[in-house]
Amino acid sequence: WTYIGGLSWDAIVSPDGGTAPSWPASEEKADEFLLNAREFVASAETAILQLLQPLQTDEHNECAPPKVSKNAFISPELDEDMSQAVEWFQTSAEQGDADAQNNLGLAFLKGQGVPQDFGKAVDWFTKAAEQGHADGQNNLGLRYLNGEGLPEDFQKAAFWFEKAAADGHPIAQNNLGTCYLSGVGVNTDKTKAALWFQKAADQGNAGAQNNLGLLNLAGDGVTKSSEAAAQCFQKAAGKGHAAGVSESRAMLTPSTTLGCNT
């Protein structure tokens with residue numbers, strides 16, 4: 001994130017509720033004032049950066065079409081501050097900042113700080129996605145997948161998942177893998193499904209690790225291997241993935257055969 005400009009000095013409030021220091025009454029106090037001012041600005045910038053940092057979830061429905069992932073979301077504990085945050089998002093988004101555009105889309109999607117509006121969410125996700133923003137691309141793909149704010153279109157959903165996946169976005173990689181596995185917006189191709197699950201699994205995505213385990217267990221798109229499947233399930237289970245826990249309990253302790261690399 002870069003610092004968002006346009007805030008007047010007296011509009012900034014420090015994290016502990018204090019206000020900006022006032023101008024010193026004498027020249028002797030100038031050095032002390034400047035030190036306090038620098039400390040105040042630093043703390044204010046830190047607070048702003050923490051507030052604007054978006055959060056994501058990588059929960060998934062394992063190998064199930066078509067609702068393959070929950071979208072990135074803004075943390076509920078930020079609700080009380082969202083009205084102010086949305087003002088900052090809006091200002092920066094209108095200036096073309098792709099991060100802010102994606103965050104503003106999330107705010108409209110969730111109705112946090114603004115009334116819920118899927119149409120406006122789509123508008124901002126589109127702006128971010130068209131600038132190559134991977135989160136925005138994945139979020140736009142999910143809107144096409146679920147028909148939120150625009151007509152359902154699986155082909156466009158897969159198109160945007162692929163854009164984000166190619167940029168290394170693990171959630172989009174898992175979503176794209178599920179599309180290929182189930183023929184959602186693309187021709188069914190279990191080999192490609194395994195490839196994208198592997199890419200996401202290598203980045204530690206628990207849903208993809210579980211999905212890759214299922215493919216290894218069935219021999220779909222990969223060489224059948226119960227050992228590789230067990231490794232994947234254990235890795236997913238280690239991240240708290242419920243299906244991975246269930247599957248790993250049913251498997252024998254795996255050998256060193258590789259299936260998931262993270």
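Me: How many helices and how many strands are there in the protein?
Reply: The model is a predicted one. Read along the sequence, its pattern is α-α-α-α-α-α-α-α-α-α-α. The count for the protein is therefore zero strands and 11 helices.

Me: What share of the 262 residues in the protein is buried?
Reply: A residue counts as buried when its relative accessible area is under 20%. Of the 262 residues in the protein, the share that is buried is 44%.

Me: What percentage of the contacts in the protein with a separation of 6 or more comes from residues 24 or more positions apart?
Reply: A contact requires heavy atoms within 4.5 Å. Among the contacts with a separation of 6 or more, residues 24 or more positions apart account for 56%.

Me: Is α3 roughly parallel or roughly antiparallel to α4?
Reply: Helix α3 covers residues 98-110 and helix α4 covers residues 118-130. Their axes come within 8 Å and cross at roughly 160°. Angles over 145 degrees count as roughly antiparallel. The relation of α3 to α4 is therefore roughly antiparallel.

Me: Which residues of α4 make the contact with α3?
Reply: The crossing of these two helices is left-handed. By class, the contact of α3 with α4 has 10 nonpolar, three polar and two charged residues. From α3 come Ala 98, Gln 101, Asn 102, Leu 104, Gly 105, Leu 106, Phe 108 and Leu 109. From α4 come Phe 118, Lys 120, Ala 121, Trp 124, Phe 125, Lys 127 and Ala 128.

Me: Is Phe 125 buried or exposed?
Reply: Phe 125 lies in helix α4. Its relative accessible area is 0%, and the limit for a buried residue is under 20%. Phe 125 is therefore buried.

Me: At roughly what angle do the axes of α5 and α6 cross?
Reply: Helix α5 spans residues 134-146 and helix α6 spans residues 154-166. Their axes come within 8 Å, and the crossing angle is roughly 165°. That angle makes α5 roughly antiparallel to α6. The value asked for is thus roughly 165°.

Me: How many nonpolar residues does the contact of α5 with α6 have?
Reply: The crossing of α5 and α6 is left-handed. Residues of α5 in the contact include Leu 140, Leu 142 and Leu 145, and those of α6 include Phe 154, Trp 160 and Phe 161. By class there are two charged and three polar residues, while the number of nonpolar residues is 10.

Me: Which residue forms a salt bridge with Arg 143?
Reply: Side chains of opposite charge can pair when their charged atoms come close. A search of the whole structure finds two salt bridges. In the one made by Arg 143, the closest N and O atoms are 2.7 Å apart. Both residues are buried, and the partner of Arg 143 is Glu 148.

Me: How many residues apart in sequence are the parts that Lys 190 and Asp 220 tie together?
Reply: Lys 190 forms a salt bridge with Asp 220, with the closest N and O atoms 3.7 Å apart. Lys 190 lies in helix α8 (residues 190-202), and Asp 220 lies in the loop between α9 (206-218) and α10 (226-238), so the parts are separated in sequence by 30 residues. Lys 190 has 35% relative accessibility and Asp 220 has 26%, and each counts as partly exposed.

Me: Is α8 roughly antiparallel or oblique to α9?
Reply: The axes of α8 and α9 come within 8 Å and cross at roughly 140°. An angle must be over 145 degrees to count as roughly antiparallel. The relation of α8 to α9 is therefore oblique.

Definitions and conventions: Residues are numbered from 1 along each chain as its sequence is written. This is a predicted model: local features need pLDDT of at least 70, side-chain atom pairs count only at pLDDT 80 or more; totals for chains, interfaces and linings use all residues. Side-chain values use heavy atoms; hydrogens and water are left out. Axes are lines fitted to C-alpha atoms, for helices over the stretch in contact, and angles run from 0 to 180 degrees between N-to-C directions. Helices (H or I, at least four residues) and strands (E, at least two) are DSSP runs, numbered from the N terminus. Angles under 35 degrees count as roughly parallel, over 145 as roughly antiparallel, 65 to 115 as roughly perpendicular and the rest as oblique. A crossing is left-handed if the near helix is turned anticlockwise from the far one by less than a right angle, and right-handed if clockwise. Ala, Val, Leu, Ile, Met, Phe, Trp, Tyr, Cys and Pro count as nonpolar, Asp, Glu, Lys and Arg as charged, and the others, Gly among them, as polar. A salt bridge is a side-chain nitrogen of Lys or Arg within 4 Å of a carboxyl oxygen of Asp or Glu. Buried means under 20% relative accessible area, exposed over 50%, partly exposed in between (1.4 Å probe, protein chains only).
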